[in-house]
Amino acid sequence: MKIAIAGKKTATENYVRYVDSAGMEPLVTLNLGEIAICDALILPGGGDITPAFFGEKNRGSRNIDTELDILQFQALDLCIRERKPVLGICKGMQIINVGLGGTIVQDLKSAGIHKYRDGDQYHATVVESESWLYDLCGSPVTVNSAHHQSIGKTGAGLRVIQYCEADGCPEALAHESLPILGVQWHPERLNISRAKFSGGTVLTYFASLALSSRR
């Protein structure tokens with residue numbers, strides 16, 4: 001199984017190792033033709049999305065790469081058209097949300113709970129029952145964060161299925177009819193001893209969606 005990672009090779013090493021560890025073939029690419037022949041797509045973490053894409057001026061966004069945003073939105077659109085599974089991680093979840101018409105909170109007042117400080121921040125979350133994530137880890141569950149933004153208005157067809165216990169920040173999404181998943185945290189580097197579950201389970205579930213889409 002080949003998994004496309006829509007990013008730059010210099011910034012996606014963790015995601016390559018993540019896919020490799022599950023016995024799947026990672027392909028880091030921003031080429032739509034290459035993405036089209038893959039079984040599924042990961043939209044990785046990174047900087048912030050250009051605010052113009054969700055109709056706002058810059059109010060705290062940083063590390064913006066507009067060209068990368070455009071290519072990632074195009075990759076998402078391709079997978080939606082072809083009903084390929086998509087997993088968005090951190091910025092990737094936000095790309096999914098904006099790509100489907102949602103918005104971003106550009107600088108959380110409670111960012112201290114979530115932003116990277118000499119490592120990821122670990123915090124408690126609540127997972128909605130009858131969701132793909134609840135089946136993997138139950139609720140409540142501890143996850144790792146490294147962000148200062150969050151989704152605002154949810155995009156079309158999306159449902160928040162996990163949120164931070166302390167401030168209500170959305171931590172995971174599911175699409176109501178498409179094989180599209182998003183997590184605001186980082187399963188590719190989740191510390192199993194702190195979280196009490198493996199981030200690899202997310203990738204295993206994602207791979208099962210890719211297998212189902214082949215049939």
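## Helix α3 and the basis of the model

Helix α3, made up of residues 66-82, lies across β3, β4 and β11 (180-183), and it runs at about 150° to β3. Helices and strands are DSSP runs numbered from the N terminus, a helix (H or I) having at least four residues and a strand (E) at least two. Axes are lines fitted to C-alpha atoms, for helices over the stretch in contact, and angles run from 0 to 180 degrees between N-to-C directions.

The model is a predicted one, in which local features need pLDDT of at least 70 and side-chain atom pairs count only at pLDDT 80 or more, while totals for chains, interfaces and linings use all residues. Residues are numbered from 1 along each chain as its sequence is written, and side-chain values use heavy atoms, with hydrogens and water left out.

## The sheet

An open sheet is formed by 9 strands in the order β2-β1-β3-β4-β11-β10-β9-β6-β7, with mixed pairing; two strands pair if DSSP finds at least two bridges between them. At the edges stand β2 (25-28) and β7 (141-145), each of which pairs on one side only. From one strand to the next, the twist averages 25°.

Within this sheet, strand β1 (residues 2-5) and strand β3 (residues 40-43) run parallel and are joined by 3 bridges. I3 is the residue that stands opposite A40 in β3. Helix α1 (residues 13-21) packs on the sheet, where it touches β1, β2, β3 and β4 (86-89), and its direction makes about 160° with that of β2; contact here means heavy atoms within 4.5 Å.

T29 has its place in the loop between β2 and α2 (32-36). With a relative accessibility of 5%, T29 counts as buried, a word used for residues under 20% relative accessible area, whereas exposed means over 50% and partly exposed lies in between (1.4 Å probe, protein chains only). Leaving aside residues up to four places away in sequence, T29 touches A4, I5, A6, G7, E34 and I35. The side chain of T29 also reaches the backbone nitrogen of N31, at 2.9 Å.

S208 is found in helix α7, which covers residues 200-214, and S208 is partly exposed, with a relative accessible area of 32%. Although S208 and V19 are 189 residues apart along the chain, their C-alpha atoms are separated by 13 Å.

## Salt bridges

A search of the whole structure finds 7 salt bridges, each being a side-chain nitrogen of Lys or Arg within 4 Å of a carboxyl oxygen of Asp or Glu. One of them brings together the side chains of K91 and D69, at 2.7 Å from N to O. Since K91 lies in helix α4 (residues 91-99) and D69 in helix α3, this pair ties together parts that are 22 residues apart in sequence. Both K91 and D69 are buried.

Another salt bridge joins the side chains of K84 and E82, at 4.0 Å from N to O; K84 counts as buried at 13% relative accessibility, while E82 is partly exposed with a relative accessible area of 43%. R189 forms a salt bridge with E188, where the closest N and O atoms are 3.7 Å apart. R189 counts as partly exposed at 30% relative accessibility, and E188 counts as buried at 11%. A network of salt bridges links D120, E188 and R189.

Definitions and conventions:
Polar contact = N/O pair within 3.5 Å; in protein donor to acceptor, adjacent residues only side chain to side chain.
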